[in-house]
Amino acid sequence: MKTGIRTLLILLALCLWGTAHGVNPKPFVIPELREWRGGAGNFVPGAMTRISVVSPELRAVADSLAADWQRMFGRRFEVTEGKASKGDITLRLSKDRKLGKEGYRINISDRVVVSAPEPAGVYWATRTLLQIAEQSADRALPKGEISDWPDYALRGLSMDVGRKFFPLDYLKDLVKVLAYYKMNSLRIHLNDNGFPYYFGNDWSKTYAAFRMESDRFPGLTARDGYYTKAEFRDFQRSSAASFVNIVPEIDVPAHSLAFSRYKEGIGSKDFGEDHLDLFNPETMPFIDSLFDEYLGGDDPVFIGEYMHIGTDEFGKDYPGFDKKKETAEKFRSFMDHYIRLVESYGKKPWVWGSLSTAPGETPIKTEGVMLDAWYNGYADPREMVKLGFRLNSIPDGMVYIVPAAGYYHDYLNTRWLYENWTPARIGKEQFAEKDPNIAGGYFAVWNDHVGNGVSVQDVHHRVMPAMQTMAVKLWDGVNVTIPFDDFDKARLILSEAPGVNRLARVGAERSPVLERASVNSGDTLPLKEIGYDYTVEFDLEAVPEEKGAELFRSDEAVFYLSDPVKGMMGFARDGYLNDFGFRPYPGEKAHIRISGTNEGTTLWVNGRKFCSLDKETRWHDGGKKKMYYLRTLVFPFAKAGAFRSRITNLKVYNYLLPDPAE
């Protein structure tokens, strides 16, 4: 997001980073720079600036910086090999024990010299340069010296794609966002199911999905969205080039309705069809074969360092499970088997590990195994350390997002996290900072409520403030010097990532961002879409429209003059269709206003509020269970559809106009 020099100066003043007169204050970067020694003046890239690579293995990093600079600022630097000249940006490898595997140094003088022990550190340094450069019109980099390194090696996000499908193009953008904020891990939770009480308490009707293409088990793959093997391989490779590791998760033996529905008889009679029957002799051979499809062969589908095997919440809703010795021992045996199976394919296993609810004598391999410390009642973190696990700090009450569910967090409490949390805090347990048994931390998105109207863009709206905050706390969460209120304002000046604007933010100041005297069928508009909060206005001279007549569309949504079901004005996105209950009379002239927020979408007709599609409560299970349904819209503009009515005086604002009735 472009801002002027004035914005940067105001920001720096707010944060009170200035030191002595004439010495550059510490630049604002997410995560915050660990060490800064300010100089005087700026380095401003010029027409002759090149990116020079001293270490040939950094050529890909240099090419990435050149491409990202062009995406963000419209200029592509030449990449050369060899020594740099004045005015160049130099990337090189150099030994430095203090920096570890991901640390880096940047010296900004009459040239920019980036050095790090490993390519990952050099790449993170380029993210720092891009963030600083986007805060001024001339892309000035303040002269000074930066030393930066993370406290924790693991910094990531777990995304539930099992209960809500996320297209691969979104996941690719998400990786770019992770990388821009030096987050290095993304877990893809590939299978899951809804709660039966939202589906008439009928397991056969309860939503379940497995998101990977399967040749070995035709029909297992979800029909409403999945990833092909080829594209998933490519996704992992392209993510690795941005130093983000993809961790695929196949969750067993709970959350497994997609598997028990496919393979008749392996669903548990004791714990529900979403649990696998661990005593059925056909269960484990089926899961073994499923794992082999993605881990085995000369060209495995899962190519990263880790694979997550689930083992989450088995038997959690059934009192006394922990007292059923035979079942607990069988669960422990199951867990140990799949830890060793994953290792046999050369992967490192990752588990949730409900071992505090499954005490027993059956041994479980723990050395070299990552465990998600999410709820201490299922896996007491101190006991898990004693057993030999390495921990990923992901405490549910602190870092779980469950959109519009009414429990956990709809949006993370970023203020509390920023001011109070580090990975050393797991629930009520406080470990020593940088405890070697804690690899790092994650936050998570769980799409528990299948069919609740939440869009991919709604999820992203929740992810972004969490991402920026967690990036700070996972890099160096103790030595934070910027007050939260200042950070929360400053973070908005940064882009999501080079070339990424999933929030559809338009304009740095409150203003009309698009005005057209008229809109005709087939027009291509200069604005793809606009995100929350916004106002759209136009004048309509209505002509009877065929059902399905589109006014505007983008890759994400369609706005209808006449929706394909009822012929009403409305919109569709993510497979959801919503209408305002408004159909203009033939020949009617009306002034239309639509406003959108992250809570809902409202239609005004001739200055009067006609319909507010706010968050709706829908009751299930005889009125005992409720679901909140969202009817939001990131408004699409990329292409005008085929319509016959006359549309004039289109105006689009990047804020909410006052209610005309007030």
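Is Thr128 buried or exposed? Thr128 is buried, at a relative accessible area of 0%. Buried here is under 20% relative accessible area, exposed is over 50%, and partly exposed is in between, with a 1.4 Å probe and protein chains only. I will come back to that residue after some housekeeping.

This is a predicted model, in which local features need pLDDT of at least 70 and side-chain atom pairs count only at pLDDT 80 or more, while totals for chains, interfaces and linings use all residues. Residues are numbered from 1 along each chain as its sequence is written, and side-chain values use heavy atoms, with hydrogens and water left out.

Confidence, then. pLDDT is the predictor's confidence in each residue, from 0 to 100. The chain average is 94, and 96% of the residues score at least 70. Over residues 1-20, pLDDT stays under 50, and the model has 40 contacts for that stretch beyond four places in sequence. A contact means heavy atoms within 4.5 Å.

Now the sheet. Helices (H or I, at least four residues) and strands (E, at least two) are DSSP runs, numbered from the N terminus. Two strands pair if DSSP finds at least two bridges between them. Seven strands form an open sheet with mixed pairing, in the order S1-S7-S5-S6-S4-S2-S3. At the edges are strand S1, residues 35-43, and strand S3, residues 78-81, each pairing on one side only. From one strand to the next the twist averages 20 degrees. Axes are lines fitted to C-alpha atoms, for helices over the stretch in contact, and angles run from 0 to 180 degrees between N-to-C directions.

Strand S2, residues 50-53, pairs with S3 in the parallel sense over four bridges. One of the bridge pairs is Arg50 with Glu78 in S3. Helix H3, residues 119-133, packs on the sheet and touches strands S4 (89-93), S5 (104-108), S6 (112-116) and S7 (141-148). The direction of H3 makes about 45 degrees with that of S5.

Back to Thr128, which is found in H3. Not counting residues up to four places away in sequence, Thr128 touches Val29, Leu33, Tyr104, Ile106, Ile146 and Lys182.

Next, helix H2, residues 59-73. The expected span of a helix is 1.5 Å times one less than its number of residues. For the 15 residues of H2 that gives 21 Å, and the end C-alpha atoms are 21 Å apart, which agrees. Buried residues in H2 include Val61, Leu65, Trp69, Met72 and Phe73. The buried residues of H2 pack against S2, S3, S4, H3 and helix H4, residues 168-180. After H2 comes Gly74, with a positive phi near 85 degrees.

On to charges. A salt bridge is a side-chain nitrogen of Lys or Arg within 4 Å of a carboxyl oxygen of Asp or Glu. By that rule the count is 49. Asp485 and Arg415 meet in one of them, at 2.4 Å, N to O. Asp485 lies in helix H13 (residues 484-490) and Arg415 in helix H11 (residues 414-420), so this pair ties together parts that are 70 residues apart in sequence. Asp485 is partly exposed at 42% relative accessibility, and Arg415 is partly exposed at 36%.

Asp488 and Arg491 also form a salt bridge, at 2.8 Å, N to O. Here Asp488 is partly exposed at 26%, whereas Arg491 is buried at 13%. There is also a network of salt bridges linking Asp169, Asp173, Lys176, Arg502 and Glu556.

Four of its five residues are buried, so S26 is largely enclosed by the rest of the structure. Strand S27, residues 557-562, runs antiparallel to S26, and four bridges join the two. A hairpin of three residues connects S26 to S27. Ala549 has Ser562 in S27 as its bridge partner. S26 also pairs with strand S36, residues 639-640, in the antiparallel sense over two bridges. There, Phe552 has Ala640 as its bridge partner.

Glu550 is buried at 17% relative accessible area, and Arg553 is partly exposed at 33%.
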